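This report covers a single protein chain and its metal site. Please read it with the sequence and the structure at hand.

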Amino acid sequence: MADTDEPMVVDGGSGDGGEWEGRWNHISTFLERPGPFTHPDFEPSTESLQFLLDTCKILVIGAGGLGCELLKDLALSGFRHIHVVDMDTIDVSNLNRQFLFRLKDVGRPKADIAADFINGRIPGCNVVPHFKKIQDFDESFYRQFHIIVCGLDSIIARRWMNGMLLSLLVYEDGVLDPSSIIPLIDGGTEGFKGNARVIFPGMTACIDCTLELYPPQINFPMCTIASMPRLPEHCVEYVRMLLWPKEKPFGDGVGLDADDPEHIQWVYQKSQERAAEFSITGVTYRLTQGVVKRIIPAVASTNAVIAAACATEVFKIASSAYIPLNNYMVFNDVDGLYTYTFEAERKENCSSCSQVPQDLHFSPSAKLQEVLDYLTENASLQMKSPAITATLEGKNKTLYLQTVASIEQRTRPNLSKSLKELGLLDGQELAVADVTTPQTVLFKLSFTS
Ligand SMILES: [Zn+2]
């Protein structure tokens with residue numbers, strides 16, 4: 001940086017309306033000449049750049065750690081029509097890595113502040129913010145975009161987005177209409193690990209095709225916590241879930257506050273006692289805090305790498321000048337640096353993208369509870385709060401629904417009834433709705449004897 005009061009000169013002086021001579025030279029280099037990595041059908045031209053600048057419309061989901069990086073990378077790569085959706089407000093703990101935000105922004109919507117920052121800093125760029133949930137928008141909103149990039153920390157939201165893009169696909173006589181495909185670029189990070197993937201819905205592996213790759217949620221069975229702890233985490237969970245409500249160390253009605261060091265200290269000491277009882281080692285203050293707070297560590301450099309990889313894929317697809325990632329890249333810099341790309345394969349009978357009816361094999365004497373457990377526990381379904389309906393004697397009947405308390409109460413007795421008692425028949429269709437998808441998933445009941 002020059003240490004004078006002179007304004008900084010960018011690329012040889014500013015022109016009018018935010019354009020200046022040579023502004024996009026770094027992008028043109030990739031689009032206006034052939035190279036060893038260009039697409040076989042690539043024809044160098046100035047049209048690709050004009051398309052990026054004038055026409056191409058990108059949706060960024062999430063304005064957090066990945067989202068801030070993505071918006072910056074895309075805007076500097078020439079994309080000017082960008083929408084961003086985020087339902088969160090800025091917390092002070094975001095500021096170490098979500099670099100579009102300042103202390104004065106704490107409490108305000110991430111999407112709004114991120115958009116303002118980019119629009120103010122990068123001339124000609126128009127980021128449109130949406131301080132909303134992805135579920136607040138319908139098909140017509142998503143259909144307007146050329147490419148969608150996800151920088152999310154939630155698997156449910158990712159699966160929902162995936163389901164939404166699959167629902168936009170148009171099949172004619174079983175043949176997919178390619179113009180109905182909106183590519184999905186998905187980035188994810190956890191600590192020093194990350195991944196970037198390119199999904200062409202209906203053509204390549206979708207999020208649900210590879211659901212088994214996601215680590216299961218870290219929830220320990222209560223019986224383990226209560227009577228057979230094996231890990232230091234089990235001991236902390238025991239204190240948090242069972243001992244705290246029983247001993248009320250800070251008085252009646254005082255909940256455990258993960259940000260109160262005295263509370264954590266108490267949990268830490270009791271966890272150590274519990275651990276000693278079962279000869280378990282490894283309970284530390286830090287671990288205690290991590291378990292209580294359910295911390296997923298966020299590392300700025302990992303976010304930067306993954307967002308850059310995702311933005312590069314957006315650029316490759318939008319310009320058609322380069323062959324996209326095929327299709328799953330993992331990145332790990334816990335110890336040195338490791339990266340690897342593989343082709344995640346479509347799952348033939350994927351419940352989301354395969355068009356293959358999903359069979360449920362149960363005996364007529366199986367309880368509805370068993371079906372519910374299957375839907376939530378099966379590694380390739382992993383539903384969260386499935387609502388099951390069936391058409392019985394020409395009427396739609398809700399067999400179980402837990403998201404509305406009154407209906408849950410009314411339908412709960414069905415869980416202990418057998419499928420036969422509920423009047424379900426072999427070959428019966430069951431429609432299942434869940435937060436992991438915007439669409440109802442149809443299952444076919446297949447009775448086993
Ligand atoms: Zn799939």
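Of the 449 residues in the protein, 46% are buried, where buried means under 20% relative accessible area, with a 1.4 Å probe and protein chains only. This is a predicted model in which local features need pLDDT of at least 70 and side-chain atom pairs count only at pLDDT 80 or more, while totals for chains, interfaces and linings use all residues. Residues are numbered from 1 along each chain as its sequence is written, and side-chain values use heavy atoms, leaving out hydrogens and water.

The secondary structure comprises 13 helices and 15 strands; these are DSSP runs numbered from the N terminus, with helices (H or I) of at least four residues and strands (E) of at least two. The C-alpha trace spans about 75 × 65 × 40 Å along its principal axes. Among contacts (heavy atoms within 4.5 Å) with a separation of 6 or more, 60% are between residues 24 or more positions apart.

The zinc ion has four donor atoms, and the angles of 96 to 118° among them make the site tetrahedral, a label for four donors that requires all angles to lie between 85 and 135 degrees. Its protein donors, Cys206 (SG), Cys209 (SG), Cys350 (SG) and Cys353 (SG), lie 2.2 to 2.3 Å from the ion; donors are N, O and S atoms within 2.8 Å of the metal (3.2 Å for Na, K and Ca). Their spacing in sequence is C-x2-C-x140-C-x2-C. Cys209 and Cys350, 141 residues apart, link distant parts of the chain, and both are buried. The table gives the loop that holds each of these two residues.

| Residue | Loop between |
|---|---|
| Cys209 | β8 (193-199) and α7 (222-227) |
| Cys350 | β10 (338-342) and β11 (358-362) |

In helix α2 (residues 47-55), the residues Ser48, Leu49, Leu52 and Leu53 are buried. They lie on the same side of α2 because they cover an arc of only 130° around the axis, taken from the directions from the helix axis to the C-beta atoms. The buried residues of α2 pack against α1 (25-31), β2 (81-85) and α11.

Ser319 belongs to helix α11 (residues 300-319). Ser319 counts as buried because its relative accessibility is 6%. Apart from neighbours within four places in sequence, Ser319 is in contact with Leu31, Ser48 and Leu52. The side chain of Ser319 also reaches the backbone oxygen of Phe315 at 2.8 Å.

Definitions and conventions. Buried < 20%, exposed > 50% of the residue type's maximum accessible area, 1.4 Å probe, protein only. Polar contact = N/O pair within 3.5 Å; in protein donor to acceptor, adjacent residues only side chain to side chain. Tetrahedral: all angles 85-135°; square planar, octahedral: opposite > 155°, others 65-115°.
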